[in-house]
Every structure is written in structure tokens, then in C-alpha cells.
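Here is a short note to read alongside the model.

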Amino acid sequence: MYEKGDRPSALPIYLQISEVLIREIAAGRLVDGSRLPPERELAKQHGTTVRTLRKALAELEKQGLLERIQGSGNYVRAGGDVDSVYSMFRLELVSGGGLPTADILSIEECDKSENFRAFGTSKRGTRIRRLRFLDKRPIAVEEIWLDRDAGAVEPAHVSDSLYRYYKMKLGFWVTRAEDYVSIGTTPDWAPAGFGKPAGASVGYIERLSWAQAPAPVEFSRTWFDTDVAHYVQRLK
């Protein structure tokens with residue numbers, strides 16, 4: 001069992017920056033055709049070097065979200081599907097966007113509960129409990145269950161994006177998900193840093209996620225603070 005302690009590896013800095021910009025575009029805070037600040041200024045805003053920033057911008061350009069015009073600047077090109085690390089992360093700050101990060105509270109293999117929505121082929125699963133942040137603000141606690149037959153989770157290699165970990169380390173990728181959104185109460189294991197005490201009324205999401213098999217491979221439960229975050233689903 002993994003307990004909170006050593007911080008697992010976060011996403012590389014250039015991917016963090018590209019994800020911030022992608023979520024800003026998705027939230028409408030960076031609109032199609034708008035010109036980004038000069039690269040040196042943008043690098044300073046994100047606390048990085050121009051070289052690292054350019055790697056982030058190259059990611060956006062590769063996805064068709066940025067047009068780089070020599071001698072003029074970098075222009076947003078919004079629209080279309082985006083292969084974002086957090087493309088299925090539906091929580092945003094009330095003001096829009098926000099970079100998702102997470103602190104792992106525990107990772108443990110154990111028996112599934114009969115009260116869960118049916119998923120996977122094993123009677124056991126890997127339970128991952130996390131405190132989620134957007135732009136370093138605590139916004140949710142979540143409990144993710146990965147079917148044991150999908151593979152063993154190595155805590156030292158888990159990053160802020162579990163879906164990226166599944167693809168890079170376990171050899172499968174999540175292709176779709178179903179969310180069931182309602183109202184719930186903060187679980188008793190939530191840390192004080194969440195800001196909502198046990199039993200408090202919060203937003204609640206249950207999710208089933210599918211990979212390349214007919215049965216869902218993952219089941220998750222998320223309790224989020226509606227004072228600071230909203231669930232957002234954009235239809236195109």
C-alpha cells in the first residue's frame with residue numbers, strides 16, 4: 001500500500017504549460033484569432049525559459065491550436081477535437097480553465113464494493129485516492145478504482161494524469177467515459193486541505209471509463225467544491 005509521502009513525478013513543464021493554454025482556449029479565455037503575448041513575456045508569466053515555452057507552443061501547433069507567423073507572432077486557432085492530457089477532466093475553476101494537479105493520498109489493492117457500478121473482470125481493483133487542484137487551489141477529492149486485470153499500478157511512476165500513465169505504462173488508453181453527476185457529501189477520509197468537512201454537501205460525479213475491452217476498465221467517484229469549481233461539458 002502506498003501512503004502519502006514522496007511526490008510522484010508531475011508532467012514535464014512544457015506539457016503543463018501547453019495544458020494550461022489548451023484549457024484556456026477551451027474555456028473561451030483565449031479566442032480564435034487572438035495573438036499571444038511575446039514569447040519572452042509569456043515565458044516569464046509561466047516561470048520558465050523561452051526554450052521550454054517554445055516546446056509547449058510546438059505542442060499546440062501540432063494539434064492545430066496555434067499558428068506561428070514569422071515576424072508577427074503566435075495566433076490562437078481554436079476549434080476541432082484536441083488530444084489533451086486532460087481532455088476528459090471536466091472540472092474547471094468558476095472563472096474558467098485551471099491547470100489540474102493532484103496529491104496522492106493512498107494507493108491500495110483491495111476488494112471491490114458490491115455498491116459500485118459494475119466494471120472490469122476481476123473481483124479486486126487498485127484504489128487510488130487523491131486531492132485534486134486547479135491552479136494550486138484544492139477543488140476535489142477523488143477515488144479511482146482500476147480493475148486489477150488491467151494491470152498493476154506502480155505508485156512511484158504515477159503522474160498527475162492517470163490516463164497518460166495508463167497509456168505509457170500499462171499499454172491501454174481510455175477511449176470514452178460516462179459521467180453521472182449529482183449531489184453528494186464529503187467522505188470521511190477527505191483531508192482537511194480539501195476545505196469541505198466530512199458530511200458537507202458537495203458536487204458528486206461517478207464515472208465509468210472504457211478502454212479497448214467491452215467492459216469498463218475503471219470506476220471513479222469525485223466530490224468537488226462547487227464554490228470554486230464547476231463541472232463543464234462542451235458540445236460541438
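1. A word on the model: it is predicted, so local features need pLDDT of at least 70 and side-chain atom pairs count only at pLDDT 80 or more, while totals for chains, interfaces and linings use all residues. Residues are numbered from 1 along each chain as its sequence is written, and side-chain values use heavy atoms, with hydrogens and water left out.

2. The chain holds four helices and eleven strands (DSSP runs, H or I of at least four residues for helices and E of at least two for strands, numbered from the N terminus).

3. Along its principal axes, the C-alpha trace spans about 60 × 40 × 35 Å. Of the 236 residues, 49% count as buried, meaning under 20% relative accessible area with a 1.4 Å probe, protein chains only.

4. Now look at α1 (residues 13-26) and α3 (residues 50-62), whose axes come within 8 Å and cross at roughly 50°. Axes here are lines fitted to C-alpha atoms over the stretch in contact, with angles from 0 to 180 degrees between N-to-C directions.

5. Which residues of α1 and α3 meet? Ile-13, Tyr-14, Leu-15, Ile-17, Ser-18, Leu-21, Ile-22 and Ile-25 in α1 touch Thr-52, Leu-53, Lys-55, Ala-56, Leu-57, Glu-59 and Leu-60 in α3.

Definitions and conventions. Contact means heavy atoms within 4.5 Å. Buried means under 20% relative accessible area, exposed over 50%, partly exposed in between (1.4 Å probe, protein chains only).
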